[in-house]
Amino acid sequence: MREALELAAEGALRGEVPVGAVLVQDGEVIGRGFNCPISTSDPSAHAEMVAIRAAAQAIANYRLPGSTLYVTLEPCAMCAGLIVHSRVQRVVFGASEPRAGMAVSRGQFFDQAFLNHRVRVEGGVLGEECGEVLRAFFKARRG
């Protein structure tokens with residue numbers, strides 16, 4: 001999660017909402033990403049999407065079995081769907097997203113019976129620190 005926080009800070013320096021993600025498989029980081037939809041003109045360029053795309057390219061497989069995604073903010077609906085389709089085994093997130101979080105806050109997407117893949121979810125890891133990064137970013141933007 002510390003590396004995901006560093007990536008979030010890198011995104012913030014570029015004017016992006018500071019969210020970072022790291023994907024680990026077999027103890028090795030195989031994908032990294034931070035939010036970059038503004039700079040890439042790509043609404044799908046969330047940190048999770050960037051990290052999962054990088055990981056899939058790195059291992060030349062669109063499936064990422066046995067992997068864990070560490071992300072500083074609870075995934076949205078788009079990213080939750082990607083996580084299931086890419087067969088990520090586990091998601092560990094920092095701050096909850098009360099408006100759009102689909103792991104626990106607004107919906108329990110990963111618990112839906114219709115899904116053909118189960119994802120384990122753990123929230124609140126360095127949650128206060130992850131949340132403070134976001135609060136500081138938006139405070140500075142408003143200020």
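In the UniProt record, an unreviewed entry, the feature "binding site" is placed at His-46, Cys-76 and Cys-79; such positions are given in the numbering used here, with feature names shortened, and annotations may be inferred rather than shown by experiment. These residues span 34 residues in sequence, yet no two of their C-alpha atoms are more than 9.3 Å apart, so they gather at one spot. His-46, Cys-76 and Cys-79 from this set also belong to the lining of the largest pocket. The model is predicted, so that local features need pLDDT of at least 70 and side-chain atom pairs count only at pLDDT 80 or more, whereas totals for chains, interfaces and linings use all residues. Residues are numbered from 1 along each chain as its sequence is written, and side-chain values use heavy atoms, with hydrogens and water left out.

His-46 is found in the loop between α2 (37-40) and α3 (47-59), where helices (H or I, at least four residues) and strands (E, at least two) are DSSP runs numbered from the N terminus. With a relative accessibility of 22%, His-46 counts as partly exposed, given that buried means under 20% relative accessible area, exposed over 50%, and partly exposed in between (1.4 Å probe, protein chains only). Apart from neighbours within four places in sequence, His-46 is in contact (heavy atoms within 4.5 Å) with Asn-35, Cys-76, Met-78 and Cys-79. Cys-79, by comparison, lies in helix α4 (residues 77-85) and is buried, with a relative accessible area of 0%. When neighbours within four places in sequence are left aside, Cys-79 is in contact with His-46 and Glu-48.

Glu-48 has its place in helix α3 and counts as buried at 3% relative accessibility. Not counting residues up to four places away in sequence, Glu-48 touches Ala-21, Leu-69, Val-71, Leu-73, Pro-75, Cys-79 and Leu-82. Gln-57 is also placed in helix α3, but counts as exposed at 68% relative accessibility. The C-alpha atoms of Gln-57 and Ala-47, ten residues apart along the chain, are separated by 16 Å.

The largest pocket has a volume of about 490 Å³. On a 1 Å grid over the protein atoms alone, a pocket is an open set of points with protein on both sides within 12 Å along at least five of seven lines, in contrast to a cavity, where a 1.4 Å probe fits but cannot get out; lining residues have an atom within 4 Å of a point. Grid points are joined across faces, edges and corners, and a volume is the space filled by probe spheres set on the points. The lining of the largest pocket is formed by 23 residues, of which Val-17, Leu-73, Glu-97, Leu-134 and Phe-138 lie nearest the centre. Helix α5 (residues 127-142) supplies the largest share of this lining, five residues. By class, the lining has twelve nonpolar, four polar and seven charged residues, where Ala, Val, Leu, Ile, Met, Phe, Trp, Tyr, Cys and Pro count as nonpolar, Asp, Glu, Lys and Arg as charged, and the others, Gly among them, as polar.

Strand β1 (residues 20-25) is largely enclosed by the rest of the structure, because six of its six residues are buried. Gly-20, Val-22 and Val-24 point one way from β1, while Ala-21, Leu-23 and Gln-25 point the other way. Two strands pair if DSSP finds at least two bridges between them, and β1 pairs with strand β2 (residues 28-34) in the antiparallel sense over six bridges, with Phe-34 in β2 as the bridge partner of Gly-20. The hairpin of β1 and β2 has two residues between the strands, and within this hairpin Asp-26 takes a positive phi near 55 degrees. Strand β3 (residues 67-73) also runs antiparallel to β1, to which five bridges join it, and Val-71 in β3 stands opposite Ala-21.

In α4, the residues Cys-79, Ala-80, Gly-81, Ile-83 and Val-84 are buried, and the buried residues of this helix pack against α3, β3 and β4 (90-95). Just after α4, Arg-87 takes a positive phi of about 65 degrees. Arg-87 is one of the residues touched by Gly-66, together with Val-24, Gln-25 and Gln-89, not counting residues up to four places away in sequence. Gly-66 is found in the loop between α3 and β3 and counts as partly exposed at 40% relative accessibility.
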